[in-house]
Amino acid sequence: MNNIYDGLYEKLAHVQGLLCKQEIYGCTEYGQICDTGREQGRVLAMLKIKPEISTGDLSYLLDIHQKILIEILNEMEKSGYVQCTQQEGNKETILVNITEKGREFRPSEKDSCDIFSCLSEKELQDFGEYLDRIIAFQETRLAASWRIDDRADWQKRAREHLGDEQFDELIEELMKRHRQAFIVCH
(Lines give C-alpha, C1' and ligand atoms only; values in the text may rest on other atoms or scores of the structure.)
Protein backbone atom coordinates (compact mmCIF):
# COMPACT_ATOMS: atom_id res chain seq x y z
CA MET A 1 0.00 0.00 0.00
CA ASN A 2 2.88 2.40 0.75
CA ASN A 3 4.05 2.05 -2.86
CA ILE A 4 0.66 3.29 -4.04
CA TYR A 5 0.83 6.30 -1.70
CA ASP A 6 4.41 7.02 -2.69
CA GLY A 7 3.58 6.74 -6.37
CA LEU A 8 0.55 9.05 -6.09
CA TYR A 9 2.49 11.57 -4.01
CA GLU A 10 5.32 11.57 -6.56
CA LYS A 11 2.82 12.12 -9.39
CA LEU A 12 1.17 15.00 -7.52
CA ALA A 13 4.58 16.52 -6.85
CA HIS A 14 5.43 16.15 -10.54
CA VAL A 15 2.15 17.83 -11.59
CA GLN A 16 2.86 20.63 -9.10
CA GLY A 17 6.33 21.08 -10.63
CA LEU A 18 4.86 21.19 -14.14
CA LEU A 19 2.26 23.77 -13.07
CA CYS A 20 5.01 25.92 -11.56
CA LYS A 21 7.03 25.70 -14.79
CA GLN A 22 3.92 26.59 -16.79
CA GLU A 23 3.32 29.57 -14.52
CA ILE A 24 6.92 30.74 -14.90
CA TYR A 25 6.79 30.42 -18.69
CA GLY A 26 3.41 32.12 -18.75
CA CYS A 27 4.83 35.12 -16.91
CA THR A 28 7.90 35.41 -19.11
CA GLU A 29 6.19 37.87 -21.44
CA TYR A 30 4.63 40.04 -18.73
CA GLY A 31 6.72 39.51 -15.61
CA GLN A 32 5.23 39.38 -12.15
CA ILE A 33 2.20 41.44 -13.14
CA CYS A 34 0.38 38.38 -14.53
CA ASP A 35 0.69 36.25 -11.39
CA THR A 36 -1.66 36.98 -8.49
CA GLY A 37 0.58 34.82 -6.33
CA ARG A 38 3.25 37.50 -6.68
CA GLU A 39 3.05 40.99 -5.32
CA GLN A 40 2.55 42.93 -8.59
CA GLY A 41 -0.25 40.63 -9.66
CA ARG A 42 -1.87 40.86 -6.24
CA VAL A 43 -1.70 44.67 -6.34
CA LEU A 44 -3.21 44.78 -9.83
CA ALA A 45 -6.00 42.37 -8.86
CA MET A 46 -6.84 44.52 -5.84
CA LEU A 47 -6.84 47.71 -7.91
CA LYS A 48 -9.23 46.16 -10.41
CA ILE A 49 -11.64 45.78 -7.51
CA LYS A 50 -10.83 49.07 -5.80
CA PRO A 51 -9.36 51.43 -8.48
CA GLU A 52 -8.20 54.00 -5.91
CA ILE A 53 -6.79 53.04 -2.53
CA SER A 54 -4.28 54.40 -0.05
CA THR A 55 -0.95 52.63 0.34
CA GLY A 56 -1.85 52.02 3.99
CA ASP A 57 -5.06 50.21 3.08
CA LEU A 58 -3.39 48.34 0.24
CA SER A 59 -0.54 47.28 2.52
CA TYR A 60 -3.04 46.06 5.12
CA LEU A 61 -5.31 44.19 2.71
CA LEU A 62 -2.47 42.46 0.86
CA ASP A 63 -0.41 41.92 4.01
CA ILE A 64 2.67 43.49 2.41
CA HIS A 65 5.02 45.67 4.46
CA GLN A 66 4.58 49.30 3.36
CA LYS A 67 8.26 49.81 2.41
CA ILE A 68 8.13 46.76 0.15
CA LEU A 69 4.79 47.90 -1.28
CA ILE A 70 6.30 51.28 -2.21
CA GLU A 71 9.08 49.49 -4.14
CA ILE A 72 6.50 47.34 -5.95
CA LEU A 73 4.38 50.38 -6.78
CA ASN A 74 7.41 52.27 -8.10
CA GLU A 75 8.08 49.42 -10.56
CA MET A 76 4.42 49.25 -11.55
CA GLU A 77 4.28 53.02 -12.02
CA LYS A 78 7.38 52.91 -14.28
CA SER A 79 5.59 50.24 -16.35
CA GLY A 80 2.44 52.38 -16.55
CA TYR A 81 0.05 50.11 -14.60
CA VAL A 82 -0.55 52.47 -11.66
CA GLN A 83 -0.26 56.11 -10.74
CA CYS A 84 0.65 57.22 -7.23
CA THR A 85 -0.26 60.66 -5.89
CA GLN A 86 -0.29 62.36 -2.53
CA GLN A 87 -3.72 62.81 -1.04
CA GLU A 88 -4.83 66.43 -1.09
CA GLY A 89 -4.43 68.02 2.32
CA ASN A 90 -2.50 65.04 3.70
CA LYS A 91 1.12 64.74 2.56
CA GLU A 92 1.58 61.46 4.45
CA THR A 93 -1.12 59.54 2.55
CA ILE A 94 -0.30 58.23 -0.89
CA LEU A 95 -3.19 57.20 -3.12
CA VAL A 96 -2.70 54.46 -5.69
CA ASN A 97 -4.83 54.57 -8.83
CA ILE A 98 -5.02 51.94 -11.53
CA THR A 99 -4.28 53.33 -14.98
CA GLU A 100 -6.05 52.47 -18.22
CA LYS A 101 -3.14 50.15 -19.07
CA GLY A 102 -3.55 48.41 -15.71
CA ARG A 103 -7.33 48.13 -16.11
CA GLU A 104 -7.03 46.65 -19.59
CA PHE A 105 -4.18 44.26 -18.78
CA ARG A 106 -4.96 40.64 -19.56
CA PRO A 107 -2.32 37.95 -19.98
CA SER A 108 -2.08 36.82 -23.57
CA GLU A 109 -4.62 34.17 -24.40
CA LYS A 110 -3.25 33.37 -27.86
CA ASP A 111 -1.06 30.63 -26.42
CA SER A 112 -3.47 29.51 -23.71
CA CYS A 113 -4.01 25.84 -23.19
CA ASP A 114 -6.18 23.85 -20.84
CA ILE A 115 -4.25 21.31 -18.80
CA PHE A 116 -7.40 19.31 -18.28
CA SER A 117 -8.29 18.93 -21.96
CA CYS A 118 -6.96 15.36 -21.92
CA LEU A 119 -9.79 14.31 -19.58
CA SER A 120 -13.41 13.56 -20.41
CA GLU A 121 -16.22 15.43 -18.66
CA LYS A 122 -16.86 12.44 -16.37
CA GLU A 123 -13.15 12.16 -15.55
CA LEU A 124 -13.05 15.88 -14.76
CA GLN A 125 -16.00 15.54 -12.38
CA ASP A 126 -14.45 12.52 -10.67
CA PHE A 127 -11.05 14.24 -10.46
CA GLY A 128 -12.66 17.33 -8.95
CA GLU A 129 -14.41 15.20 -6.33
CA TYR A 130 -11.16 13.40 -5.47
CA LEU A 131 -9.36 16.70 -5.08
CA ASP A 132 -12.19 18.06 -2.90
CA ARG A 133 -11.84 15.05 -0.60
CA ILE A 134 -8.05 15.37 -0.40
CA ILE A 135 -8.32 19.11 0.29
CA ALA A 136 -10.96 18.63 2.99
CA PHE A 137 -8.88 15.88 4.61
CA GLN A 138 -5.71 17.98 4.61
CA GLU A 139 -7.49 21.10 5.86
CA THR A 140 -8.99 19.09 8.72
CA ARG A 141 -5.57 17.67 9.60
CA LEU A 142 -3.96 21.11 9.47
CA ALA A 143 -6.78 23.02 11.17
CA ALA A 144 -4.57 23.68 14.18
CA SER A 145 -1.91 25.21 11.97
CA TRP A 146 -1.29 28.92 12.53
CA ARG A 147 -1.26 29.57 8.78
CA ILE A 148 -4.85 28.47 8.30
CA ASP A 149 -5.89 30.42 11.40
CA ASP A 150 -3.96 33.46 10.14
CA ARG A 151 -5.67 33.26 6.75
CA ALA A 152 -9.10 33.02 8.35
CA ASP A 153 -8.30 35.95 10.62
CA TRP A 154 -7.06 38.02 7.67
CA GLN A 155 -10.19 37.19 5.66
CA LYS A 156 -12.40 38.26 8.56
CA ARG A 157 -10.52 41.56 9.00
CA ALA A 158 -10.39 42.22 5.24
CA ARG A 159 -14.13 41.56 4.93
CA GLU A 160 -14.78 44.04 7.75
CA HIS A 161 -12.41 46.56 6.13
CA LEU A 162 -13.81 46.29 2.59
CA GLY A 163 -17.38 45.21 3.22
CA ASP A 164 -18.96 41.98 2.02
CA GLU A 165 -19.53 42.96 -1.61
CA GLN A 166 -16.04 44.32 -2.28
CA PHE A 167 -14.39 41.46 -0.39
CA ASP A 168 -16.31 38.89 -2.46
CA GLU A 169 -15.34 40.75 -5.66
CA LEU A 170 -11.71 40.74 -4.56
CA ILE A 171 -11.68 37.01 -3.86
CA GLU A 172 -13.45 36.27 -7.16
CA GLU A 173 -10.92 38.39 -9.10
CA LEU A 174 -7.96 36.82 -7.30
CA MET A 175 -9.23 33.32 -8.00
CA LYS A 176 -9.90 34.14 -11.66
CA ARG A 177 -6.42 35.60 -12.11
CA HIS A 178 -4.84 32.71 -10.22
CA ARG A 179 -6.51 30.22 -12.58
CA GLN A 180 -5.40 32.29 -15.60
CA ALA A 181 -1.79 32.26 -14.41
CA PHE A 182 -1.82 28.47 -14.42
CA ILE A 183 -3.32 28.00 -17.87
CA VAL A 184 -1.20 30.45 -19.84
CA CYS A 185 1.30 28.37 -21.82
CA HIS A 186 4.20 29.58 -23.95
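Modeller: Helices (H or I, at least four residues) and strands (E, at least two) are DSSP runs, numbered from the N terminus. This is a predicted model, in which local features need pLDDT of at least 70, side-chain atom pairs count only at pLDDT 80 or more, and totals for chains, interfaces and linings use all residues. Residues are numbered from 1 along each chain as its sequence is written, and side-chain values use heavy atoms, with hydrogens and water left out.

Biologist: Where does Asn97 lie?

Modeller: Asn97 belongs to strand β3, residues 90-98.

Biologist: Is Asn97 buried or exposed?

Modeller: Asn97 is buried, at a relative accessible area of 18%. Buried means under 20% relative accessible area, exposed over 50%, and partly exposed in between, with a 1.4 Å probe and protein chains only.

Biologist: Which residues is Asn97 in contact with, leaving aside neighbours within four places in sequence?

Modeller: With those neighbours left aside, Asn97 touches Pro51, Glu52, Tyr81, Val82, Gln83 and Thr85; contact means heavy atoms within 4.5 Å.

Biologist: Tyr81 interests me. Which residue forms an aromatic pair with Tyr81?

Modeller: Rings of Phe, Tyr and Trp (its six-membered ring) pair if their centres lie within 6.5 Å; planes under 30 degrees apart count as stacked, over 60 as edge-to-face and the rest as tilted. The count by this rule is one aromatic pair. Tyr81 pairs edge-to-face with Phe105, at 5.7 Å centre to centre and 85 degrees between the planes. The pair links distant parts of the chain, 24 residues apart: Tyr81 is in the loop between α4 and β2, and Phe105 in the loop between α5 and α6. Both Tyr81 and Phe105 are buried.

Biologist: What lies over the face of Tyr81?

Modeller: Lys101 does, at 4.8 Å from the ring centre. The rule asks for NZ of Lys or CZ of Arg within 6 Å of the ring centre and within 35 degrees of the ring normal.

Biologist: Changing topic, how many residues of helix α2 are buried?

Modeller: Nine of the 11 residues in α2 (residues 39-49) are buried, which leaves the helix mostly covered. Among them are Val43, Leu44, Met46 and Leu47.

Biologist: And what is the phi of Asp63?

Modeller: Asp63 has a positive phi of about 55 degrees, although it is not a glycine. Asp63 sits in the loop between α3 and α4 and is exposed, with a relative accessible area of 64%.
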